[in-house]
Structures are given as structure tokens and as C-alpha cells.
Amino acid sequence: MAVTADLQKVLDKAYQDKSLEEILDAPVEALAGVSESGGKLIRDALGVKTIGELGRNKYFRAAQALAALADAR
């Protein structure tokens with residue numbers, strides 16, 4: 001099943017035409033709105049270096065699940 005997404009709003013311009021694998025391996029700074037200093041804070045606090053690691057982080061997954069539960073009420 002093919003899936004498409006408009007990545008212009010969530011990725012830095014340099015990463016918008018990359019493959020999904022390249023995006024997941026990209027540093028968190030490749031996300032729109034995450035600065036170099038913000039990326040360093042994320043790395044230092046959570047040990048997360050890539051977008052893939054961030055998306056799979058247990059704390060972010062737990063927070064997302066709780067927010068989804070709250071939104072479903």
C-alpha cells in the first residue's frame with residue numbers, strides 16, 4: 001500500500017526530498033523548528049540522535065498515547 005505525506009511542514013527544506021530511511025537516520029535538527037541547540041538538548045537529555053530514535057523513544061510514545069486517549073474522550 002502506497003502512503004504519501006506532505007513533509008514540507010515537518011522537515012527542514014534540505015530533507016524534504018529524502019527517502020523515509022534517510023529521514024529516519026537524519027539528526028533531530030532535520031525536523032522543522034528544531035534548532036541545533038534544541039537538537040543538542042534532546043541528545044544530552046535523552047540520548048536521542050536521529051528522527052527514528054525520537055519517534056521510537058518510550059517517553060515520546062507514552063506521551064503521544066496519553067494525548068490520544070485524552071483527545072478521544
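**Burial, contacts and salt bridges**

Modeller: Asn57 has 11% relative accessibility, so Asn57 counts as buried. Buried is under 20% relative accessible area, exposed over 50%, and partly exposed in between (1.4 Å probe, protein chains only). The model is predicted: local features need pLDDT of at least 70 and side-chain atom pairs pLDDT 80 or more, while totals for chains, interfaces and linings use all residues. Residues are numbered from 1 along each chain as its sequence is written, and side-chain values use heavy atoms, without hydrogens or water.

Biologist: Where is the place of Asn57?

Modeller: Asn57 sits in the loop between helix H3 (51-56) and helix H4 (58-72). Helices are DSSP runs (H or I, at least four residues), numbered from the N terminus.

Biologist: Which residues does Asn57 touch, not counting residues up to four places away in sequence?

Modeller: Contact is heavy atoms within 4.5 Å. Leaving out residues up to four places away in sequence, Asn57 touches Leu46 and Val48.

Biologist: How do I check the span of H4?

Modeller: The expected span is 1.5 Å times one less than the number of residues in the helix. H4 has 15 residues and should therefore span 21 Å; its end C-alpha atoms are 21 Å apart, which agrees. Ala72 lies in helix H4 and is exposed, because its relative accessible area is 65%.

Biologist: Which residues form the largest nonpolar core?

Modeller: A core of this kind is a set of buried Ala, Val, Leu, Ile, Met, Phe, Trp, Tyr and Cys residues joined through side-chain atoms within 4.5 Å. The largest one has 5 residues: Leu11, Ile23, Ala26, Ala30 and Ile51. Not counting residues up to four places away in sequence, Ile51 also touches others, including Leu24, Pro27, Val28 and Leu31.

Biologist: Is Thr50 buried or exposed?

Modeller: Thr50 counts as buried because its relative accessibility is 18%. Thr50 is placed in the loop between H2 and H3. Beyond four places in sequence, Thr50 touches Leu24, Asp25, Ala26, Pro27 and Val28.

Biologist: How many salt bridges does the structure hold?

Modeller: A salt bridge puts a side-chain nitrogen of Lys or Arg within 4 Å of a carboxyl oxygen of Asp or Glu. The structure holds 2. One joins Arg43 and Glu29, with closest N and O atoms 2.8 Å apart. That pair links distant parts of the chain, 14 residues apart: Arg43 is in helix H2 (residues 36-46) and Glu29 in the loop between H1 and H2. Arg43 is partly exposed, with a relative accessible area of 29%, whereas Glu29 is buried at 18% relative accessibility.

Biologist: What is the separation of Asp44 and Lys40 in helix H2?

Modeller: Asp44 and Lys40 are 4 residues apart in helix H2, which means a separation of about one helical turn. They form a salt bridge whose closest N and O atoms are 2.6 Å apart. Asp44 is exposed at 54% relative accessibility, and Lys40 is partly exposed at 46%.

Technical notes: Helix = DSSP H or I, 4+ residues; strand = E, 2+ residues; numbered from the N terminus.
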